[in-house]
Amino acid sequence: MLAWTIYLSFAGALVEALLPKGKSALARAVALMVALTGLVIAVTGFAGGAAQGRVVLVDAPWVPAMGIHYTLAADGISRVLVLLTGLAAVAGVLFSWNIELRTNEFFAFFLALIGGVYGVFLSFDLFLLFVFYEIAIVPKYFLIAIWGSTRREYAAMKLALYSFAGSAMVLVGLLAAYATAGSHSMGLVELGHAALPVSFQMWAFPLVFVGFAILAGMWPFHTWAPTGHVAAPTAASMLLAGVVMKLGAYGCLRVAMGLFPHGMDPWGFGFLGIGSWRDVFAVLAVIGIIYGALVALVQTDFKFVIGYSSVSHMGFVLLGLMTLNQIGVSGAVLQMFSHGVLAGLLFGIVGRIVYDRTHTRQLAELETMHLSKRLPFAAWGFAVAGIASMGLPGFSGFVAELQVLVGSWKASPWWTAAAGVGIVIGVAYTWRALQKAFFSDTPAVAHEHGHELAAITWPEVTGFGLLFGASLLVGLWPRVLLDSIEPAVKALLAGGAQ
Amino acid sequence: MNYGELFRVTLPETALDLAALLVLLVDLAFLRKAALQVRVAMAAVLGVVGCLAAMWAVGMQTSAGFSVDGLLVLANGGVSAVAQMGVLILTAVTLLLLIDSSFTKHPGEFVAVTLMAASGGLVISAARDLLVIFIGLELLSIGLYILTAFGKTSAKSAEAALKYYLFGGMSAAFLLFGFSYLYGLSGSTNLSRVVLGTYMASAHGATPLLMLALVLVVAGLGFKVAAAPFHLWAPDTYEGAPAPAAAFIASVSKVASFALLITISHTALHFMESFHFKGGYVTVRVLSAGDPELHMTPGFITAWPLILILISVASMIVGNLAALAQTSVRRLLAYSAIAHAGYILLGLAFFSWEPRSAQAILYYILTYGLTTIGAFGVIGVVERATGSDKLDAFLGLHKRSPLLAAVLLILFLSLAGIPPLVGFWAKFNLFAAVLSVGGGFWPFALVALAVAMSAVSLYYYLQVLKRAYVMPAVDETPIRVHPVTMLVLVAIAAAVVLAGCFPAVLQNWIASF
């Protein structure tokens, strides 16, 4: 059943592409229906699969001569991320309700991207996974380049080239793994059992990990993320931060760590306390956490604050992965979900609710607008979303980051200490942005009061409620996801791919 | 010499040449007064019928080929048959896209020369003898020079043809010179005897003379496939030639030339049942010689891949980097063709005796040829509407003709190697074949270079798509596309998508010969 999320999204994209021009309302309705159906399927699949481990959905020979199968399957991790994709898709459609330019094309690219994302999370054949992974790149380019804002063509090209460079590294690693294992199968499970030589894993692991981590926004390969997020139209930034960055993190976990577990073994020598690829990437993750937070602290563009906060939050995901223990990796997966929901929420507020009304994202200009009075929904919405994002108990961010920190403490207390500093800076930049954008007491500039800001519409409220509700639910009742995540992580850590 | 057998084996070539004569007859004798559109349509349809007849003839072949004194001269089946089928299908598609073109008042001659050049392609695909190879190459090349010059009102066309001809003549001289050394080394013009003879003559590594001979041969063939550093004609020719002629050069001529390279690489491995290193020499078990084991480093097999690797790396780098700077879409395609030739040459350098390598290369070149023909079809339409092939001629194409823009999107993304389009599968298959042949550092490093370079290529393909989809249109008047042209272009795009989604179908077809 879950496989239908993919087919439905691609079919929806095709229908949108064929819709007559100028029928914006129809295009919106179709997109919302497709996204909603996808979400319903994702929820049903999640609820129905809670007690089960890995379930194979489809397994058909695709290119028999090369041992390539069309294998779709779902385990606990996949189900959680599919659920996230469903949420982000619906919220994305709702927050793009006001797009009038080439509406049907917008939703065609949007749904194609969603379809690719569903596909990656459900693929258990590496070839298939890579196909879906690349399918997700092209729509991103067009979404940003056509419907974006600030320096959109530059940002779109940068993002496309970074993504493609990353996927080229992944492709080389996968081809090498396929050839080294004897060119029999591209199946994730089969290759996981192939016992690749440790010396091979030692260079294949960093290659594939970095290839995926580029998309996860790992420092120093993160620079596409802030520019891309800022230039992208609201729905695209929600998807980029919400799910596309998770594709990268998911690839790191499922492919790089699952296939080449011995790539993280100690090198046998140490330098400045770094003695394995695992240490290298953990340190990069910690640098990302602190660096992203510090840069977010000094931004003048509201959207850049959120953009850099994404780099910081994704650092927690990568750090969690590198703990290699049950609690840390589970926390990383939970953080993927949590950040997906919260980043979507923050981008939705900044990009749709605020920017589309004020036509500026400069914090200095927003200061003069007294938005807390004129747009109370946005102000309080951002306040609670920001609180959730900075990791206050009761929201998903807290549970996730706490688990990552506990996990990293077991691995190395230094990592935890540094990441803790990142959380403190996170509080600072969120409050700073909140204060400047909404609750400033700078005297108002007269002409800004001239026109009334449009009222909040139902799609915005619904989208907000959906994402916020998800974060709150997970924050209050984390077991709902953890019961699904933990067995899958345990299996993954125990035996290579499975 | 059995002439009956010769006639039977060359039936496809004969069919094409008869069709060429028929086209000329009909056009010159019966349609003198008819409108140009009618004459073009008639010539194209007759040409396509000729191609279909020749395909039938290829399919009907049952013998192993035509032999003289027990040595194969023209082969049937296997790689040769696939390449011949490819040549014929691509020729037919090129002719179908001719339907609404008006660059010439002599459609009969154009189609006839196209068919004759294609028959040269058929000869090359099947040839197993140096002299026959050379005749086939000349038959193809001379046809291509004429086709390039067919835009008689365009100075660029004449310039392109002259450049192509001068380069071509020189490379043919190199090739012939190299062949003469090979003959001198081995005492035979038959390809398998040549390889065997050079094994014996160069038992202790490639002698300087063999090396020189092979470099000369590669220079001649590198010209045909537009591999760096023998690529200089390609951008000018692609830019100046009429669009259908450029499409023909970019596809059919490539298929035939790569089929020949496959044949040579294949023959080079033919006599080795096994080979392994022992004490500085490769121990080779030679099948057809009396002595079961010869201790030697066979020159051909050490020198040939080395030369191919060098021009492969040069082509990948030169093609992809130069394409970044182009403003003409035709020149961009020319440089991208050089890059694609580089990927394929990598497949030829790490070639295996197993059919896998040959099939991967054929898959690549056939799908690449089809995609390129489609790309030139789109360029032809845009040129007729805007009078230019510059990047900016594509501005706002999605508004002017949404369907055409969609076709362009699919074809260019396929050339860039984005799944699920066929270009991705072709690359994956080719690189997997390379890695399955060679272990160790170099194959991985070269494949990594190729994949990295194809990441670079996305940039320049996106430059065209950016203008078609993203940047604001200057002129929004709709482009009228002839329904047949549109149908063919959509069919090509559909084939690119379907072959990418179901790669096994085409793969099985190639393996079935």
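**A:L472**

I started at A:L472, which counts as partly exposed because it has 16 C-beta neighbours inside 10 Å. My cut-offs, with C-beta atoms placed from the backbone: buried is 20 or more other C-beta atoms within 10 Å of a residue's own, exposed is 12 or fewer, and partly exposed is in between. A:L472 sits in helix α20 (residues 458-476) of chain A.

**Ground rules**

This is a predicted model, so I note that local features need pLDDT of at least 70 and side-chain atom pairs pLDDT 80 or more, while totals for chains, interfaces and linings use all residues. Residues are numbered from 1 along each chain as its sequence is written, and chains are lettered from A and ligands numbered from 1 in the order in which they are written.

**Chain A overall**

I find 21 helices and four strands in chain A; these are DSSP runs numbered from the N terminus, helices being H or I of at least four residues and strands E of at least two. Its radius of gyration is 22 Å against 23 Å from the globule rule for 498 residues, so chain A is as compact as a globular protein of that length. The radius is taken over C-alpha atoms, and the rule is 2.2 Å times the number of residues to the power 0.38. Along the principal axes, the C-alpha atoms fill a box of roughly 70 × 55 × 40 Å. Buried residues come to 64% of the 498. Of the contacts in chain A with a separation of 6 or more, 80% join residues 24 or more positions apart; a contact means C-beta atoms, placed from the backbone, within 7 Å.

**α17(B)**

Next I checked helix α17 (residues 422-437) of chain B: its 16 residues should span 22 Å at 1.5 Å a residue, and the end C-alpha atoms are 23 Å apart, which agrees. The expected span is 1.5 Å times one less than the number of residues. I count 15 of the 16 residues of α17(B) as buried, so the helix is largely enclosed by the rest of the structure.

**B:V45**

B:V45 is in helix α3 (residues 36-60) of chain B. With 16 C-beta neighbours inside 10 Å, B:V45 is partly exposed. Its C-alpha atom is 38 Å from that of B:N190, 145 residues away along the chain.

Terms used
Two residues are in contact if their C-beta atoms, placed from the backbone, lie within 7 Å.
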